[in-house]
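Have the model open as you read.

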Amino acid sequence: MINGLVNHIEKAKKIQFKKIQNDKIGELYLDENTIYEHDYWQNGFEGSNSYGEWLEYREIEYLIFPKIIDSKNNIQNLEEIQLIIEKIGHFSLELDTDELKLICYKI
């Protein structure tokens with residue numbers, strides 16, 4: 001999933017996340033140069049988020065793709081991002097006018 005998003009980072013400009021054990025919303029820092037070539041990337045990644053710490057994939061409750069990405073009201077196309085995600089695989093998605101949410105873990 002992460003590699004697929006990196007391949008289309010020009011479309012997925014802002015990605016937020018919520019950890020299962022925390023109510024705080026963080027941000028993933030991905031760009032076109034993000035490469036997952038080491039064994040430990042299979043379980044998570046380090047330092048590429050606003051927490052500045054190791055983030056395991058299994059800790060992520062959901063990813064958020066907000067429509068408005070900054071204070072200048074720049075937007076990202078949520079329908080395009082949804083199509084990209086659907087080409088990667090089958091995921092639980094929730095789309096409304098403000099955001100696209102990819103559910104990673106359901107209670």
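Q: Which residues is Leu 63 in contact with, leaving aside its neighbours within four places in sequence?
A: In this predicted model, Leu 63 is in contact with Leu 5, Ile 15, Gln 16, Phe 17, Leu 28, Leu 100, Lys 101, Leu 102 and Cys 104. Contact here stands for heavy atoms within 4.5 Å.

Q: What makes Leu 63 stand out in the largest nonpolar core?
A: That core has 19 residues, and Leu 63 is listed with Ile 15 and Phe 65 as touching the most other members. Two or more residues come from each of helix H1 (2-7), strand E1 (15-19), strand E5 (60-66), helix H2 (78-88) and strand E7 (99-103). As background, nonpolar side chains in soluble globular proteins tend to be buried together.

Q: Why is Phe 17 called buried?
A: The label needs a relative accessible area under 20%. Phe 17 has 0% relative accessibility, so it counts as buried.

Q: And Tyr 51, why does it count as buried?
A: Its relative accessible area is 16%, and the limit is under 20%. Tyr 51 is therefore buried too. In the protein chain of 107 residues, buried ones make up 40%.

Q: Why is the pair of Phe 17 and Tyr 51 called edge-to-face?
A: Start with the distance: rings pair if their centres lie within 6.5 Å, and these two centres are 5.2 Å apart. The structure holds one aromatic pair.

Q: What makes this pair a tie between parts apart in sequence?
A: Phe 17 lies in strand E1, while Tyr 51 is in the loop between strand E3 (44-46) and strand E4 (54-56), so the pair ties together parts that are 34 residues apart in sequence.

Q: How do you know that E5 and E7 pair?
A: Pairing asks for at least two bridges, and five join E5 to E7, so the two strands pair. They run antiparallel, and Phe 65 stands opposite Leu 100 in E7.

Notes: Residues numbered from 1 in each chain as written. Predicted model: local features only at pLDDT ≥ 70, side-chain atom pairs only at ≥ 80, totals over all residues. Heavy atoms only, no water. Core = buried A, V, L, I, M, F, W, Y, C linked by side-chain atoms within 4.5 Å. Buried < 20%, exposed > 50% of the residue type's maximum accessible area, 1.4 Å probe, protein only. Helix = DSSP H or I, 4+ residues; strand = E, 2+ residues; numbered from the N terminus. Phe/Tyr/Trp six-rings, centres within 6.5 Å; stacked < 30°, edge-to-face > 60°.
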